[in-house]
Amino acid sequence: MNNYQSPKKLILFWLLIVSIILAIWLLWLGVDSYLLTRDPLSHIESSKAIAMAIVAVILVVLLLAGLIISTMLSNKRYSRYFGIAIGIAFASLLAFRSIVG
């Protein structure tokens with residue numbers, strides 16, 4: 001029997017896949033804005049900053065939704081995935097704030 005016949009597990013799977021895609025997109029926007037420019041803190045484009053903020057908010061909402069749904073379903077595998085992703089996002093936010101701010 002296929003493990004993804006359940007619509008609940010399918011939702012968790014797609015939440016995880018979309019979260020990974022958004023995280024890679026946010027990482028690319030950050031690298032493009034802060035590492036590939038000569039003076040990143042004085043010349044960040046407002047459109048890039050708004051895009052990064054929107055992608056970050058959507059990513060956090062999807063990660064929290066996945067964690068809540070997987071916890072409610074008692075799916076330890078997806079709870080671990082979403083918990084680790086939230087931890088990495090929080091740690092990278094703290095690291096970025098300590099370096100820049």
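**Entry 1. A patch on the surface**

For a patch, I count residues with over 30% relative accessible area and no salt bridge, and I join nonpolar side chains within 5 Å. With that rule I looked for a nonpolar patch on this predicted model. I found one of about 410 Å², made by Val 60, Leu 64, Ile 68 and Met 72. I checked one of its members, Leu 64, which sits in helix H2, residues 46-72. Leu 64 has a relative accessible area of 41%, so I noted it as partly exposed. I also noted a rule about spacing: an α-helix has 3.6 residues a turn, so residues three or four places apart point the same way.

**Entry 2. The chain as a whole**

I listed the elements next. The protein chain has three helices and zero strands. Read from the N terminus, the order is α-α-α. I then looked up the confidence. The mean pLDDT of the chain is 87, and 88% of the residues reach 70 or more.

The accessible surface comes to about 7300 Å², and carbon and sulfur atoms hold 73% of that. Of the 101 residues in the chain, 20% are buried. For contacts with a separation of 6 or more, I found that 56% are between residues 24 or more positions apart.

**Entry 3. Helix H1**

I checked the length of helix H1, residues 7-35. At 1.5 Å a residue, its 29 residues should span 42 Å, and the end C-alpha atoms are 41 Å apart, so the two values agree.

Which residues of H1 are buried? I wrote down Leu 12, Leu 15, Leu 16, Ser 19, Leu 22, Leu 29, Gly 30 and Ser 33.

Ser 19 has a relative accessible area of 4%, so I marked it as buried. I then asked what Ser 19 touches, not counting residues up to four places away in sequence. The answer is Leu 59, Leu 62, Leu 63 and Phe 82. Leu 59, Leu 62 and Leu 63 are among the buried residues of H2.

For contrast I took Ile 21, also in helix H1. Is Ile 21 buried or exposed? Its relative accessible area is 53%, so Ile 21 is exposed. I noted its distance to Leu 59 as well: the pair is 38 residues apart in sequence and 9.3 Å apart in space, C-alpha to C-alpha.

**Entry 4. Helix H2**

I repeated the length check on H2. Its 27 residues should span 39 Å at 1.5 Å a residue, and the end C-alpha atoms are 39 Å apart, so this agrees. The buried residues of H2 are Met 52, Val 55, Leu 59, Leu 62, Leu 63, Gly 66 and Ser 70.

**Entry 5. The salt bridge**

How many salt bridges does a search of the whole structure find? I got one. Asp 32 pairs with Lys 48, and the closest N and O atoms are 2.4 Å apart. The pair links distant parts of the chain, with Asp 32 in helix H1 and Lys 48 in helix H2, 16 residues apart. Asp 32 has 21% relative accessibility, so it counts as partly exposed. The cut-off for buried is under 20%.

**Entry 6. The loop between H2 and H3**

I looked at what follows H2 and found Ser 74, with a positive phi near 60°. Ser 74 is a residue other than glycine, so I wrote the positive value down separately. Ser 74 lies in the loop between H2 and H3. With a relative accessible area of 62%, Ser 74 is exposed.

Asn 75 is in the loop between H2 and H3 too. Asn 75 has a relative accessible area of 15%, so I marked it as buried. Leaving aside neighbours within four places in sequence, I found Asn 75 in contact with Lys 9, Leu 12 and Ser 70. Leu 12 is one of the buried residues of H1, and Ser 70 is one of those of H2.

**Entry 7. A glycine in H3**

My last stop was Gly 83 in helix H3. Its relative accessible area is 33%, so Gly 83 is partly exposed. Where does Gly 83 stand relative to Leu 67? The two are 16 residues apart in sequence, and their C-alpha atoms are 6.6 Å apart in space.

Note on methods: Residues are numbered from 1 along each chain as its sequence is written. This is a predicted model: local features need pLDDT of at least 70, side-chain atom pairs count only at pLDDT 80 or more; totals for chains, interfaces and linings use all residues. Side-chain values use heavy atoms; hydrogens and water are left out. Patches are made of residues with over 30% relative accessible area and no salt bridge: like charges are joined within 9 Å, nonpolar side chains (Val, Leu, Ile, Met, Phe, Trp, Tyr) within 5 Å. Accessible areas come from the Shrake-Rupley method with a 1.4 Å probe; for residues, only the protein chains shown count as cover. A salt bridge is a side-chain nitrogen of Lys or Arg within 4 Å of a carboxyl oxygen of Asp or Glu. Helices (H or I, at least four residues) and strands (E, at least two) are DSSP runs, numbered from the N terminus. Buried means under 20% relative accessible area, exposed over 50%, partly exposed in between (1.4 Å probe, protein chains only). The expected span of a helix is 1.5 Å times one less than its number of residues. pLDDT is the predictor's confidence in each residue, from 0 to 100. Contact means heavy atoms within 4.5 Å.
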